[in-house]
Amino acid sequence: MEPHATTAVWQGDQLLLYDATQGIFSAQQKVAEVLGIKPEKVRIMSYFVGGGFGCKGSAWSHVPLAAIAARQVNRPVKLVLGRIQMYGPVGFRPETIQQVSLGATRAGKLTALRHTGTSQTSTFDEFIEPVAKTARMIYACPNIETSHRLVQLNQGTPTFMRAPGEAPGSFALESAMDELAYALNIDPVELRLRNHADVDPSKGLPWSSKSLIQCYKTGAEKFGWQKRNPQPRSMRDGNYLIGWGMATATYPTNRSPASAIAQIMADGTAVVQSGSQDIGTGTYTVMTQVAADALGVQVEKVRFELGDTKMPETPISGGSQTAASVSSAVHLAGNQARSKLLQLALADQKSPLYSSKAEDVIAQNGSFFLKNKSFVSETYQAILARHGMKMIEARADAKLGDEQKKFSMHAFGSQFAEVRVNPDSGEVRVTRWVGSFGVGRILNAKTANSQLIGGIVYGIGMALMEHTLIDPNLGRVINHDLAEYHVPVNADVPDIEVLFVDEHDLHINPLGVKGIGEIGITGTAAAIANAVYHATGKRIRDLPITLDKLL
């Protein structure tokens, strides 16, 4: 919702940029490249971002333009894109044409799966929407074929948008699976259970963890799926047609190298830095919790800092990888700082912990305790004071191992939707939603719940409202404002219930964290389309599902 904005300030030959970005370090590299200066001459700060959903992952033309203008006028320049400019110069989700072919036995076992996608790009650049990625790994099938093609159009270059590839791809695939379920007279949930992939069919690797069967069962039970009459147009509430639909959700578990610094201060507080960015997902909050846990101090005594290229490097906040990547570094740095402090105490004859074994000591609330003798303890403050130290510091670089060569890593879920359709006007309303997800260790239940709800709301907009109209003469968006480009508001969104299946994944990263920023939108549009078919008997394959397509 927040438009792109950049403030550029030159200090001699040093450039300071305050930018609304999902990746401060990637932006630093790109701006330096465009301006022909060294990356270390560019400092980018992004302490708060009012929402980042893909297009802020790239450094678009307005960022170096602000820097060039500031150098020309020799004073700070602030450049904010207008709402209309958000519909062109900073990308968009590309239009796709998809074909899905499914072959199955009468018993519902898939024998063949083909998913092809054609997506648009500009005449001067390449951007692909990999819609068929999900088809390669989601269901057990002996014969899978996928392909992607690009068509150059006289429009701007598309870009990433929440769950690029998986969001539109899951709409096509999961709609086709629903159609197959009706053709075989098999319940849609049961069809998916019969084709559950016990290993990744494309890679032949075992899953690091997978709770999809539990997601189907817990979601169906909470939704009351067993009460569904499978016949289209069979369920009514007065004059309204009621439809129930479901779909599978999935998104890869990504992680990149990341670094962090942890400092335990003389007053018992802690400062932890990692040059990430908070794009509205709660990174400040979650990383403060991770740091406090690793350091063994109270949460309120930790200050977590991010958003500055002067801090240790981290990856872009995209691909649902921030929590997994940054938490690995923060956790490691916190453990190392705490271990350094403990070693000071164990080697100090004046410490009550002197000569104890490290494995016999626990850290809690800013103090070390012996496990079996809790009265033997010492505070962090006392240890640092006795050594005349203002702080103790540790830097950690969390790197990747070979786990991705041994396991296929994905998050999974199930989406269940109820819609109410007015048979006279064709109006569709989503009236109930249950989503069940297996997304690894939940670091913060409140922020995780909000992330998944946000993804589902995004999917409601994708299914029923969001429609980009292009001027055929100019190749530009016509409905380029929030008056005519419709997005869901509170009145369009029902109560959304999110369920978490408990997962303990020992392979993906030290904390067992899977990303949750994008999986919520996957399967959402398909669940709504499938519910609309159940309500009306009309299969809509072209989004959004507007009333004219139902009348």
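In what order do the four strands of the open sheet stand? The order is E12-E11-E10-E16, and the pairing is mixed. Helices (H or I, at least four residues) and strands (E, at least two) are DSSP runs, numbered from the N terminus, and two strands pair if DSSP finds at least two bridges between them.

Before I continue, a word on the basis of this talk. This is a predicted model, in which local features need pLDDT of at least 70 and side-chain atom pairs count only at pLDDT 80 or more, while totals for chains, interfaces and linings use all residues. Residues are numbered from 1 along each chain as its sequence is written, and side-chain values use heavy atoms, with hydrogens and water left out.

E11 and E12 run parallel and share four bridges. Within that pair, valine 272 has phenylalanine 304 of E12 as its bridge partner.

Two helices accompany these strands. H6 packs on the sheet and touches E10, E11 and E12, its direction making about 130 degrees with that of E12. H7 lies across E10, E11, E12 and E16, at about 145 degrees to E16. Here, contact means heavy atoms within 4.5 Å; axes are lines fitted to C-alpha atoms, for helices over the stretch in contact, and angles run from 0 to 180 degrees between N-to-C directions.

I turn now to the largest nonpolar core, which has 41 residues. Such a core is a set of buried Ala, Val, Leu, Ile, Met, Phe, Trp, Tyr and Cys residues joined through side-chain atoms within 4.5 Å. Buried means under 20% relative accessible area, exposed over 50%, partly exposed in between (1.4 Å probe, protein chains only). Ile264, Val272, Leu295, Val330, Leu341 and Phe368 touch the most other members. H7 gives the largest share, 10 residues. Beyond its neighbours within four places in sequence, isoleucine 264 contacts residues including Leu295, Leu341 and Ile392.

Finally, consider helix H5, residues 212-223. Which of its residues are buried? They are Leu212, Cys215, Tyr216, Gly219, Ala220 and Phe223. Viewed down the axis of H5, they fall within an arc of 115 degrees, so they line one face of the helix; the arc is that of the directions from the helix axis to the C-beta atoms. On the other side of H5, Lys217 and Glu221 are exposed.
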